[in-house]
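Please read the following note alongside the sequence and the model.

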Amino acid sequence: MKTECIGDYVKLKGKAYPCTVSLAMDLIGGKWKAVILYHLKDTEKRYNELRKQLPHITEMTLSLQLKQLETDGLVLRQVYGEKPPIKVIYSLTDFGRTFIPVLNTITTWGNQIVSEKGEFVSNSF
């Protein structure tokens, strides 16, 4: 029997999932979570740095996705200062860094798809 199928379901932080793939996709699924993690994989970033690197994401979506990633333990949010302007830095946690090999594989696969079936372009879409 496969490890992910040992029980009827798996549970993390009080939430039940039908399988480990479902659990993983809840943590990193959606249009932006993996992209945000990709941009944090090499270095910590301030909120505005992420906004510049992700021009097609709305501020509300970026904020919500960062909060979810923080709640799920993948991203660390560090606040410096007490009064505005405060400095907020986002980085991967140790748990978040365990996703880097998956990000690297996704990146390689995406590059292969574009190389074989698409094209890299300079201007935005």
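1. How many positive and how many negative side chains does the protein have, and how far apart do the centres of the two sets lie? There are 17 positive and 13 negative side chains, with 4 Å between the two centres. Lys and Arg count as positive and Asp and Glu as negative, while His and the chain ends are not counted. A charge is placed at NZ of Lys, CZ of Arg, CG of Asp or CD of Glu.

2. The model is predicted: local features need pLDDT of at least 70 and side-chain atom pairs pLDDT 80 or more, whereas totals for chains, interfaces and linings use all residues. Residues are numbered from 1 along each chain as its sequence is written, and side-chain values use heavy atoms, without hydrogens and water.

3. The protein contains 6 helices and 5 strands, in the order β-β-α-α-β-α-α-β-β-α-α along the sequence. These are DSSP runs numbered from the N terminus (helices: H or I, at least four residues; strands: E, at least two).

4. The C-alpha trace spans about 50 × 45 × 25 Å along its principal axes. Of the 125 residues, 27% are buried (under 20% relative accessible area, with a 1.4 Å probe and protein chains only).

5. Among contacts (heavy atoms within 4.5 Å) with a separation of 6 or more, 42% join residues 24 or more positions apart.

Note on methods. Buried < 20%, exposed > 50% of the residue type's maximum accessible area, 1.4 Å probe, protein only.
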